[in-house]
Amino acid sequence: MLRHLGRPKVRVASKSLPADSFVPYSSWYSCLCKNVSWDIIIELFNLDSLMCYTYGLCYHRIVPSDKESFVKESKLIQIRNMDLLISVSRSSCSCKGVHLNSTVPEDSLRFIEKRRAKEYRQHQTRTTTNLNKIILALPNSPLQYPIHGLTVPPMIKSGIPGLALHADKRDKYEVSLSVQKGVLSVKNNFKEVQVEGQDQSTLTISSTHLDLLNHLLSRVMYTSTVYHIRSSDLVYFSFENYKAAFPITISRPAVPVLYDPGEDINSLVTITTKTFVRYAELKVLIESIRKFYPDIKIIVADDSLKPETLSGSNIEQYIMPPGQGWFAGRNLAVSQVTSKYFLWVDDDYVFHEKTSIESFVKIMEAVPELDVLGGDVGGNQFYFSLKYDEGDEDEGGCMARYLRKVHSPLPGFDGCYLVDGVVNFFLARTDAVRRVGFDPFLNRIAHS
């Protein structure tokens, strides 16, 4: 049966996260399953203290009796641009926890806060777009437009679908479209239709014939004028006193990352682990893996003080500088995976007859949206949900961790739930984890 070989108490480096948890990135979509059973006795942390993440982010573990202590303050609203957009701003958050400024020498704090503010502004520049605005649809409008917007490649002429005007009889109809980061154009073959502003940021179309005007609206083209692989624009569409706005996402098409699943579990999954001066336990793990999965690839990241060479077929050992830590080792191991999935295990686990990697793969294949799938560990599940308040560039945000709290059940799979973090034993999509990675700044050095 799967057994845990025992481990000494684990030391946690400063500014680290608790053991058996993920780096908290919201882009991971993780899940745990009670009915994927792994008979492991594992020693989990039981930290009741409040912890601090880096650069002003308050990392706060909340126990069930303390859930209400997380305070999120949001402030609205500033109406702009034809009463169609709501600008959402956030105040600096307040939370119970250890703040970074309490751990930094006073003579260094001002310079660190200045550097953090600069980095945060650059982050906002990279990630904030006009699509962060809330667009309001006004009632009883004669304007027809793609309310969810559209996506176009940068600097390539693209059509705007769905534009039309539905209005009662008038002597003349005139509509206007305007953008900020591109130009508009339309091919006009009708003498009865007047077009002004070709290849400019504002395009006006007028006619005494509504059907001809709508014909041209259906052929309006947008071209961004600045090359940017991830940006956005807003189109403002008006007729008389009616006004509307809709977004354009400017983005290069992503090249899909596809893996050949092969014909068996050995092609789909690579087993990965990180070791530090525990070769006896590691060899037991490898022996147990080979009993049930004789041909599956095993990748070992090794930051031991005096590395020993591992022997065996289909084993890749990557030697690191001594004591680089858990997350640096994970990054190295995952960087060498060539299969669609990898299974992360501790180096002191032992596989037994109920160890079924196939049960993990079955769920991941059925739910492509999942990135990480954690199992039940010896009946003692470790999982949590996260709540993050963004804050501002001066004070940073607040993050709360709710232990043993799920977001919702996973539809179609009894005993499976959507969470933000799972036990240190999981199957993951290789491409998803590579996009996020593990922060080597959180360099917990275990088993030393």
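**Starting from one serine**

Author: Ser 158 is found in strand S11. Strands here are DSSP runs of E with at least two residues, helices are runs of H or I with at least four residues, and both are numbered from the N terminus. The model is predicted, so to speak of local features pLDDT must be at least 70, side-chain atom pairs count only at pLDDT 80 or more, and totals for chains, interfaces and linings use all residues. Residues are numbered from 1 along each chain as its sequence is written, and side-chain values use heavy atoms, with hydrogens and water left out.

Reader: Is Ser 158 buried or exposed?

Author: Ser 158 is buried, at a relative accessible area of 13%. Buried means under 20% relative accessible area, exposed means over 50%, and partly exposed is in between, using a 1.4 Å probe and protein chains only.

Reader: What does the side chain of Ser 158 reach?

Author: The backbone oxygen of Ile 156, at 3.1 Å.

Reader: And which residues is Ser 158 in contact with, leaving aside neighbours within four places in sequence?

Author: Val 152, Pro 153, Val 220, Met 221 and Tyr 222. Contact means heavy atoms within 4.5 Å.

Reader: What sheet does S11 belong to?

Author: An open sheet of three strands with antiparallel pairing, in the order S11-S17-S14. Two strands pair if DSSP finds at least two bridges between them. S11 (158-159) and S14 (182-185) are the edge strands, each pairing on one side only.

Reader: How many bridges join S11 and S17?

Author: Two, in the antiparallel sense. Gly 159 stands opposite Met 221 in S17.

Reader: Now the six-stranded sheet. What is the strand order?

Author: S10-S19-S18-S13-S16-S15, an open sheet with mixed pairing. S10 (150-152) and S15 (193-196) stand at the edges with a single partner strand each, so one side of each has no neighbour in the sheet. On average, neighbouring strands of this sheet are turned by 20° against each other, direction ignored. That angle is taken between axes, which are lines fitted to C-alpha atoms; in general angles run from 0 to 180 degrees between N-to-C directions, and helix axes are fitted over the stretch in contact.

Reader: How do S13 and S16 pair?

Author: In the antiparallel sense, over six bridges, between residues 173-178 of S13 and residues 202-207 of S16. The bridge partner of Ser 176 in S16 is Thr 204.

Reader: Helices next. Which residues of H2 are buried?

Author: In H2 (residues 210-217) they are Leu 212, Leu 213, Asn 214, Leu 216 and Leu 217. Their cover includes S12 (164-165), S13, S15, S16 and S18 (230-239).

Reader: And how many residues of H5 are buried?

Author: Seven of the ten in H5 (residues 326-335), so this helix is largely enclosed by the rest of the structure. The buried ones are Trp 326, Phe 327, Ala 328, Gly 329, Arg 330, Ala 333 and Val 334. Among the elements that cover them are S20 (269-275), S21 (298-302), S23 (341-344), S29 (426-429) and H7 (430-436).

Reader: How many residues are in the largest nonpolar core?

Author: It has 39, and those with the most contacts inside it are Val 269, Ile 271, Leu 343, Phe 351 and Ile 357. A nonpolar core is a set of buried Ala, Val, Leu, Ile, Met, Phe, Trp, Tyr and Cys residues joined through side-chain atoms within 4.5 Å. A second, separate core of 30 residues includes Leu 150, Leu 163, Ala 167 and Val 193.

Reader: What does Leu 343 contact, sequence neighbours within four places aside?

Author: Its contacts include Val 269, Ile 271, Phe 351, Ile 357 and Phe 360.

Reader: Loops, then. Where is Val 277?

Author: In the loop between S20 and H4 (279-292). Val 277 has a positive phi of about 50° although it is not a glycine, and at 38% relative accessibility it counts as partly exposed.

Reader: What about phi of Asp 199?

Author: Near 55°, also a positive value in a residue other than glycine. Asp 199 sits in the loop between S15 and S16.

Reader: Last one: where is Lys 405?

Author: In the loop between S26 (396-403) and S27 (408-409). Lys 405 is partly exposed, with a relative accessible area of 35%. Its C-alpha atom is separated by 5.7 Å from that of Ser 385, 20 residues apart along the chain.

Notes
A polar contact is a pair of N or O atoms within 3.5 Å; within protein, one must be able to donate a hydrogen and the other to accept it, and residues adjacent in sequence count only if both atoms are side-chain atoms.
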